[in-house]
Amino acid sequence: MATNTQRIDALEAKMDKLLSLLEAKVAEEPKTVEQPVAKKPEPVAPVSYVEPKDGQNILIQSLFVGSVILSYGDGKSITLESYGEQRPVLYRDLISMVNLNKNLADEGYFYITDPNAVHFLGLETNYKKILSYDEIENLCTYGDEIGRVKYLTNHQKSLIPELLAMKIANGERVDFNTISAVGNALGVDVNSIAKRIEKMKKL
């Protein structure tokens, strides 16, 4: 008859064998790798526009080198004397101004700084091809907007090389890569324009 010690040894042997079989079975099973669940992008809320009131002042800014006269009916007009000049205009007058000077508005000879006014005046599509004053200055300094240059309106395609050339002619620091990128995108020689401006200044 087996002693207690023998029984315990036999039981431990069986347990070891079962444990070995269980470990072998686990090792044979394919490991499942949990794939990260891609998060759905958050829906973008539509922009809610509010039309300005008739008597609300809307700031406009000249994007033309020189003076531009903007009429708004009944023989009335305002003149933006120089590039970058800002003037407040009543929204009701701005409606007439855009209608009477449609090409100037569409091409970006002046810039409407209020996005609500831009929306309700039907200029949003045009403004995708128009840089603001600050964006143009940023481009002339750092070139962050270079990728948009070739998609701009015809007016701004001629304006930007001229502004860069004027800075060069005035001895201001202009990034060489910006000059090169603008020249390549628009097929113009900015340095040649700068030399022409320098000659004109000497006359």
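Start by selecting Glu137, Lys167 and Glu172: salt bridges link these residues in a network. A salt bridge here is a side-chain nitrogen of Lys or Arg within 4 Å of a carboxyl oxygen of Asp or Glu. Before you go on, note that this is a predicted model, where local features need pLDDT of at least 70 and side-chain atom pairs count only at pLDDT 80 or more, while totals for chains, interfaces and linings use all residues. Residues are numbered from 1 along each chain as its sequence is written, and side-chain values use heavy atoms, with hydrogens and water left out.

Zoom in on Glu172 and Lys167, whose side chains meet in a salt bridge at 3.5 Å, N to O. Buried or exposed, where does Lys167 fall? Lys167 counts as buried, at 16% relative accessibility, whereas Glu172 is partly exposed at 40%. The cut-offs: buried is under 20% relative accessible area, exposed is over 50%, and partly exposed is in between, with a 1.4 Å probe and protein chains only.

How many salt bridges does the structure hold? There are four. For another of them, select Arg148 and Glu135, where the closest N and O atoms are 3.5 Å apart. This pair links distant parts of the chain: Glu135 is in helix 6, Arg148 is in the loop between helix 6 and helix 7, and they are 13 residues apart. (Helices are DSSP runs of H or I, at least four residues; strands are runs of E, at least two; both are numbered from the N terminus.) Arg148 is partly exposed at 26% relative accessibility, and Glu135 is partly exposed as well, at 24%.

Now jump to Asp106 and Lys102, joined by a salt bridge of 3.3 Å, N to O. These two are four residues apart in helix 3, so about one helical turn separates them. Asp106 counts as buried, with 18% relative accessibility.

Thr153 sits in the loop between helix 6 (133–141) and helix 7 (154–169). What does Thr153 touch, leaving aside its neighbours within four places in sequence? Its contacts (heavy atoms within 4.5 Å) are Asp106, Glu107, Lys129 and Ile130. Thr153 is buried, at 6% relative accessibility.

Next, the rings. A search of the whole structure turns up three aromatic pairs. Rings of Phe, Tyr and Trp (its six-membered ring) pair if their centres lie within 6.5 Å; planes under 30 degrees apart count as stacked, over 60 as edge-to-face and the rest as tilted. Select Phe64 and Tyr109, a tilted pair at 5.6 Å centre to centre with 40° between the planes. Phe64 lies in the loop between strand 1 (57–62) and strand 2 (68–71), and Tyr109 in the loop between helix 3 (102–107) and strand 5 (110–112), so the pair ties together parts 45 residues apart in sequence. Phe64 is partly exposed, at 25%.

Then pick Tyr111 and Tyr127, also a tilted pair: 4.9 Å centre to centre, 35° between the planes. Tyr111 is in strand 5 and Tyr127 in helix 5 (residues 124–127), so this pair ties together parts 16 residues apart in sequence. Tyr111 is buried at 16%, and Tyr127 is buried at 11%.

Last stop: helix 2 (residues 91–100). Colour its buried residues Tyr91, Asp93, Leu94, Met97 and Val98. Looking down the axis of helix 2, they fall within an arc of 145°, so they line one face of the helix; the arc is that of the directions from the helix axis to the C-beta atoms. Turn to the face away from the buried side of helix 2 and you'll find the exposed residues Asn99 and Leu100.
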